[in-house]
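Please look over the sequence and the 3D structure below. The text after them starts with a single pair of side chains and then turns to the whole chain.

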Amino acid sequence: MDGMIAEAARLGQAGMSLVSVDSTVARAHRDAAGMVVEPVVLAALEKAAAQE
């Protein structure tokens with residue numbers, strides 16, 4: 001989130017005086033959330049997440 005805010009500010013798309021970030025995060029395992037993903041897509045998503 002910090003990266004998105006910084007990039008938006010750099011591009012002049014966010015007024016930093018108006019930015020507020022809630023630190024509360026709720027997560028569920030993809031199976032618990034009912035998400036169905038093909039194995040090839042899942043592998044690509046996991047690879048992209050690991051590169052961040």
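**A pair in a helix**

E7 and R10 stand three residues apart in helix α1, so about one helical turn separates them. The model is predicted: local features need pLDDT of at least 70, side-chain atom pairs count only at pLDDT 80 or more, and totals for chains, interfaces and linings use all residues. Residues are numbered from 1 along each chain as its sequence is written, and side-chain values use heavy atoms, with hydrogens and water left out.

Side chains of opposite charge can pair when their charged atoms come close. The side chains of E7 and R10 form a salt bridge, at 2.8 Å from N to O. The term stands for a side-chain nitrogen of Lys or Arg within 4 Å of a carboxyl oxygen of Asp or Glu. By this rule there is one salt bridge. E7 is partly exposed, at 36% relative accessible area, while R10 is exposed, at 61%. Here buried means under 20% relative accessible area, exposed over 50%, and partly exposed in between, with a 1.4 Å probe and protein chains only.

How much of the protein chain is buried? Buried residues account for 6% of its 52 residues. The secondary structure consists of two helices and zero strands; these are DSSP runs, helices being H or I with at least four residues and strands E with at least two, numbered from the N terminus.

Between α1 (2-10) and α2 (39-51) runs a loop that holds M35. M35 is partly exposed, with a relative accessible area of 45%.
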